[in-house]
Amino acid sequence: MTRPPETATALERQYDPQAVEPRWVRRWADEPFRADPDSGKPPFTIVIPPPNVTGNLHLGHAFDNTIIDALIRYKRMRGFEALFQPGTDHAGISTQVQVERALAEEGTDRHALGREAFVERMWAWKERYGGIIFEQLQRLGVSADWSRTRFTLDEGLSRAVRTQFVELYQRGLVYRGERIVHWDPVSQTTLSDLEVDREERPGMLYTLAYELEGEPLGDVRAIEIATVRPETIFADVAVAVHPDDPRFEALIGRRVRIPLTERSVPVIADDAVERDFGTGALKITPAHDQTDFEVGERHGLARPSVIDRQARLTSDLVPAAFRGLDRFEARDAVVAALRESGELRGTREHTVALGVSQRTKAPVEPLLSLQWFYDVRPAAERVLASLDAGDMRIVPERYEKVNRDWLEAIRPWNISRQLWWGHRIPAWYDEDGTVIVPDASDPLRDPSDDPRYAGRTLAQDPDVFDTWFSSNLWPFSTLGWPDTEDPFFRRFYPTDVLVTGYDILFFWVARMQLAAAEFTGRPPFHTVMLHGLILDAEGQKMSKSKGNGIDPLEVMDVSGADALRFAMAYASTGSQDVRWDDRRVEMGRAFANKLWNAARFALGYLAPADDAPADTAVAAAAAVTAGGGTDGRLADRWIRSRTARAVQAVGDHLEALDLGLAARAAYDAVWSEFCDWYLEAAKPALRSGDAATLATLRSSLRTYVALLHPLMPFITSELWEALGEDDQVATSGWPDAPGAAIDEAAEADFAKLQSAVSAVRQLRVEAGLAPGQVLDVVVEGPAAAVVAVEREVFETLARARVLDTAPAGASLARALPSCTVRLPLEGVVDVAAWRARQHKKLGEARAELEKHERKLANERFTANAPEAVVAEERRRAVEAAGLIEAIEASLAALVD
């Protein structure tokens, strides 16, 4: 046939993502996918895990947002009113640290600026850098409703945070109190658990003697305790032992002297003591250890503090020689003094799980501090009841127990931070220290503006809220809460799926569950999808300090966003951590090229959609299939059936939130079935201008483009447009996969054809013949009838001529369940020389295998050689064994 003339549908010879993707980035930024609460469509909502406002896109963001966007695009195509809610987090401490570093470079600090000027500087920083992350997400192809972008410090979310605090305070769930907090002596603020990394570091365990006051107990003159922090002994208020430990039973109630002091403390019994740790006796320092604080609470003990906020020893309880020393300097000095006094009874090496500030890298100090706390235990009980009722599911399911365990063991949450960037706590104090908080009926009115407090001098609390005290409201504050009549809140809440890493299940996911239970009475989402972390190729966590990070922007610049998205989707396998592998991106890039080339080939035969004469043929072909008929070309019937199965499989996997299986199913269907088999099988019919094949080609290409869109939105949007479609593929609707489209008979017959073609290809390799050489072959058995009917297709696919009878002489044969394929060798290869070459290769392979097996049988080698070397030796042995098996099979296939 004569191909259609070049039209607007013509594609460039090679796919260049850098030429295609920017156009769609601009279009989706200028024309975002706006969600309409009044559309009447069923809603589907996912909120973005808000990145830091001044952050840059990293692989974690790319992983999150690839998964979210794929689900959103899929549901949008399924006819849902899909809302991808974007936004950013003010990220209190991390953002403030960045600005303070900039000030330090200028030779000043926030205190020199003053609070008001510093906060203005913070907002200027946010305005300068705050939009970068959105541009980068748009580069990734995120189809969020950018018109609804939120920020945790914007007016609406600030109102939500203030309402939350005021209501909790009025219910008696928020209060001020002294508790142990993580104190960062560098940034001068408390930290949440999430902001503290635990690092295993070498340390020492010191055994100290606390001398009994009064008469010795037999030969016992002192009780020995073990500690890793001897510098805190001056804040000791007791020595605790386990009540069932017979070693100390007679000592309970006695008093002992703290080393290097004249102060004595009681020996008490408490179940928290681990009898097998150290000596079995524990020094109790309530102001500098969480466990000790809890012991002190149970026994009504005092809570003296001897370390200040600069992490230096302070207080009259500390001997003058140690006052003012840094905690680590003080440790060395105290140990030296204990050694000199004879009260240091022993030391041994001990690994310490040291808490380190994520931002400043300084070891955090457990300090007793007056802070604001939120008693989340009542809300936790409601969340547990919701989990019991099945209102929320967690994928993978094993994390539900982790979620439950944390909720059941939950403690009051320290919600105040000693920062200036964030939501300032709406609590005021009068001259007498009385706490004044706005009324729940008018939470936005400051007490300083309330006539009831006229004439009183009020000062607002200088602290701000923990960042999580705003992001915990994210699923509903972004939708308009506390205005419960907001159309977006009414339509899109609760949200549907939360996608995030398993590492913040406790710190963010659980806190959103708690907030939703407290303020909406409904779960914030019906499904939590947890994914693993992206690690480097060696399985190490990526970090700037290690220099092992991968910049997703650089990956996209080289290979395109679709290639990165495909790599991320392909690697999404439950909550297991993912080792970064460049080959997955290369696989995605090659897949995009394959699809582009296939579409370019197809469009060489297809007219634009508006002019396509084949639509009637499509309808006719579909009618034949729907009616269960067997008319039409086998390849067309087969690809229609396989396309329907692919649509069903990919859809099922996306419904199950399994992007890894969805990507694999789409890849196999497009690369193998459509490109490698159907396009080749369709060539004879295309060359003859067969209308039904042209229709099937358009229909199947259109379906595969739509099928791949959630995973690879850029190239599919470009190809959809090239097909001449009026609308975007993103809003076109998910392809249909009617059960009637499945053609079992066509699939069975085409499978026979594929087996026969594959047999010819294998025989060609065994005979050492060129890929382009046309071969004479004989096909015998049940599949021969299919080959006879589809002779032109078979000969095109196999690059072969089918002989009716086998000629005399030697041949290679491949026996299959459905047929036997013979390749006559006379006049094609020198049979004797071929047989000799095979025997030579067989001998070499056997010698190679023997060498590897001999090495692996040497116990000294396997015990002492590096693991990677031994593994490589095993791999080579397996490879040699496989080669031997293949050569022996080739010789066995030779028929004289």
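This is a predicted model: local features need pLDDT of at least 70, side-chain atom pairs count only at pLDDT 80 or more; totals for chains, interfaces and linings use all residues.
Start with the open sheet: three strands, ordered β15-β23-β22, with parallel pairing. Going from one strand to the next, the twist averages 20 degrees.

Now for the pairing of β15 with β23 (residues 525-531): the two strands run in the parallel sense and share three bridges. If you want a spot to look at, find I394, which stands opposite V528 in β23.

## Helices across the strands

Two helices lie across β22 and β23. One of them is α2 (residues 59-77), which runs at about 155 degrees to β22. The other, α15 (residues 505-519), also lies across β22 and β23 and makes an angle of about 165 degrees with β22.

## A helix pair

Next up are α18 (residues 582-603) and α22 (residues 691-708), which pack with their axes 11 Å apart and at an angle of about 155 degrees. Angles over 145 degrees count as roughly antiparallel, so α18 and α22 are roughly antiparallel to each other. Their crossing is left-handed.

Which residues in α18 and α22 meet? On the α18 side you'll find F591, L595, A599 and A602, and they meet L697, L701 and L708 from α22. Sorted by class, this contact of α18 with α22 has seven nonpolar residues, with no polar and no charged ones.

Conventions
Residues are numbered from 1 along each chain as its sequence is written. Side-chain values use heavy atoms; hydrogens and water are left out. Two strands pair if DSSP finds at least two bridges between them. Helices (H or I, at least four residues) and strands (E, at least two) are DSSP runs, numbered from the N terminus. Axes are lines fitted to C-alpha atoms, for helices over the stretch in contact, and angles run from 0 to 180 degrees between N-to-C directions. Contact means heavy atoms within 4.5 Å. Angles under 35 degrees count as roughly parallel, over 145 as roughly antiparallel, 65 to 115 as roughly perpendicular and the rest as oblique. A crossing is left-handed if the near helix is turned anticlockwise from the far one by less than a right angle, and right-handed if clockwise. Ala, Val, Leu, Ile, Met, Phe, Trp, Tyr, Cys and Pro count as nonpolar, Asp, Glu, Lys and Arg as charged, and the others, Gly among them, as polar.
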